[in-house]
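Here is a short briefing on the structure shown below. Read it with the coordinates open.

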Amino acid sequence: MRNVVIVGSGCAGNTAAIYTARANLKPLVIAGHEPGGQLSLTTLVENFPGFPEGVNGPDLVENMKKQAQNFGAEYVHGSVIEADLSKRPFRLNIEGEWLETRTLIIASGASARWLGLESEQKLIGHGVSSCATCDGFFYRDKQIMVVGGGDSAMEEATFLTRFGREVALVHRRDEFRASKIMLDRARANPKIRFVLNSVVEDIYDIEKGYVTGVKLRNVQTGELSEREVDGLFVAIGHIPNTAAFKGQIELDEGGYIKSRGNARTSVTGVFHAGDVEDRVYRQAITASGAGCMAAMEAERFLESEGH
Ligand code: NAP
């Protein structure tokens with residue numbers, strides 16, 4: 001029987017682990033399918049306080065983990081595939097192995113959303129990517145395409161102009177969700193070409209095993225066109241990793257955990273931290289702050305129950 005199980009090992013999960021381990025609660029962290037969370041997919045992080053020169057994202061998150069381990073936190077590989085939160089202790093199925101815990105901190109984050117094309121899924125890692133900072137380097141002097149109309153798409157397109165010959169930004173509307181400053185920056189970049197009111201219908205070439213181009217459809221005219229592309233970056237938002245908890249705790253229509261305030265979920269003893277609940281800020285520092293809050297609430301809860 002565990003006092004605290006933390007699901008997820010990004011900034012939120014690691015910070016919750018530091019706090020609960022330091023409170024002598026011997027937390028168990030289930031690392032999840034993206035160990036280290038989104039920071040492990042970035043390079044330089046310039047806005048995490050305390051690092052005037054910036055800090056390498058994977059180093060930052062690895063240091064958080066070491067810090068938690070120094071206080072006695074344990075980490076295991078794997079993901080929660082099923083949960084029974086209907087009564088206490090809570091039961092979690094970690095890829096076939098059940099464990100029990102008095103409190104649970106869900107810090108499982110949010111994963112990239114995909115277009116949902118068969119060709120896209122087959123070509124992930126072979127020209128299709130959701131992470132410009134991870135894969136941009138491979139497309140030096142190549143033809144790049146970014147899909148999306150939010151801040152992520154603007155940021156990725158702007159970043160990718162460091163590498164690509166040209167970056168085509170494909171968006172399904174002619175209005176943008178992106179903030180004005182990010183949109184203006186992208187518009188001012190001579191290497192970015194906007195392709196509006198358009199969607200990617202297909203990605204070539206599954207037979208070759210790598211991306212050679214796309215088929216586009218103009219949603220206003222219905223016109224189809226083809227374009228040569230070497231690297232296709234999908235930047236159309238994220239999906240919270242809550243599938244294992246569906247029906248067990250209250251989620252909103254997008255699948256994000258509904259907060260009851262103070263890191264509490266609809267189930268007493270189950271707390272949330274980070275992007276799994278936060279659709280707005282989604283920053284390393286806010287996820288860490290949320291991990292701290294969840295840890296302190298779990299600690300208080302255990303104390304009130306006499307543990
Ligand atoms: P987002 O704001 O939800 O934007 C997603 C974009 O993808 C929208 O333009 C949407 O189009 C499009 N889209 C969604 N599903 C699609 C589909 N199936 N096919 C084609 N297009 C699709 O997501 P985000 O850009 O990842 O940003 C998420 C949050 O992080 C925002 O709050 C953002 O401000 C923040 N963020 C901030 C920064 C920064 O400040 N440095 C950087 C990145 C992200 P529609 O508009 O038509 O719905």
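Predicted model: local features only at pLDDT ≥ 70, side-chain atom pairs only at ≥ 80, totals over all residues.

**Helix H1 against helix H2**

- Helix H1 covers residues 11-22 and helix H2 covers residues 57-70.
- Their axes come within 8 Å and cross at roughly 20°.
- Angles under 35 degrees count as roughly parallel, so H1 is roughly parallel to H2.
- The crossing of H1 and H2 is left-handed.
- H1 brings Cys11, Asn14, Thr15, Ala17, Ile18 and Ala21 to the contact.
- H2 answers with Val61, Met64, Lys65, Gln67 and Ala68.
- By class, this contact of H1 with H2 holds 7 nonpolar, 3 polar and 1 charged residues.

**Helix H5 against helix H6**

- Helix H5 (residues 151-160) and helix H6 (residues 180-187) have axes that come within 9 Å.
- Those axes cross at roughly 35°.
- The crossing of H5 and H6 is left-handed.
- On the H5 side, the contact residues are Asp151, Met154, Glu155 and Thr158.
- On the H6 side, they are Met182, Leu183, Arg185 and Ala186.
- The contact of H5 with H6 divides into 4 nonpolar, 1 polar and 3 charged residues.

**The antiparallel sheet**

- Strands E14, E15 and E16 form an open sheet of 3 strands, in the order E14-E15-E16, with antiparallel pairing.
- Strand E14 (198-204) and strand E16 (224-228) are the edges, and each pairs on one side only.
- Neighbouring strands of this sheet are turned by 30° against each other on average, direction ignored.
- E14 is joined to strand E15 (residues 213-218) by 6 bridges.
- Across that pairing, Val199 stands opposite Arg217 in E15.
- E15 is joined to E16 by 5 bridges, again antiparallel.
- Here Leu216 has Ser225 in E16 as its bridge partner.
- The hairpin of E15 and E16 has 5 residues between the strands.
- In that hairpin, Gly222 takes a positive phi near 80°.

**The parallel sheet**

- An open sheet of 5 strands runs in the order E10-E17-E11-E12-E13, with parallel pairing.
- Its edge strands are strand E10 (128-129) and strand E13 (192-195), and each pairs on one side only.
- Strand E11 (residues 143-147) pairs with strand E12 (residues 166-170) in the parallel sense, over 5 bridges.
- One of the bridge partners in E12 is Val170, which faces Val147.

**Backbone geometry worth a check**

- Most residues other than glycine have a negative phi, and most peptide bonds are trans.
- The peptide bond from Arg88 to Pro89 is cis, with omega near -5°.
- Pro89 sits in the loop between strand E6 (80-84) and strand E7 (90-94).
- The peptide bond from Tyr204 to Asp205 is also cis, with omega near 20°.
- Asp205 belongs to the loop between E14 and E15.
- Asp141 is not a glycine, but its phi is positive, near 60°.
- Asp141 lies in the loop between helix H4 (132-135) and E11.

Technical notes
Residues numbered from 1 in each chain as written. Heavy atoms only, no water. Axes fitted to C-alpha atoms, helices over the stretch in contact; angles between N-to-C directions. Helix = DSSP H or I, 4+ residues; strand = E, 2+ residues; numbered from the N terminus. Parallel < 35°, antiparallel > 145°, perpendicular 65-115°, else oblique. Left-handed = near helix turned anticlockwise from the far one by under 90°. Contact = heavy atoms within 4.5 Å. Nonpolar A, V, L, I, M, F, W, Y, C, P; charged D, E, K, R; others polar. Pairing = 2+ DSSP bridges.
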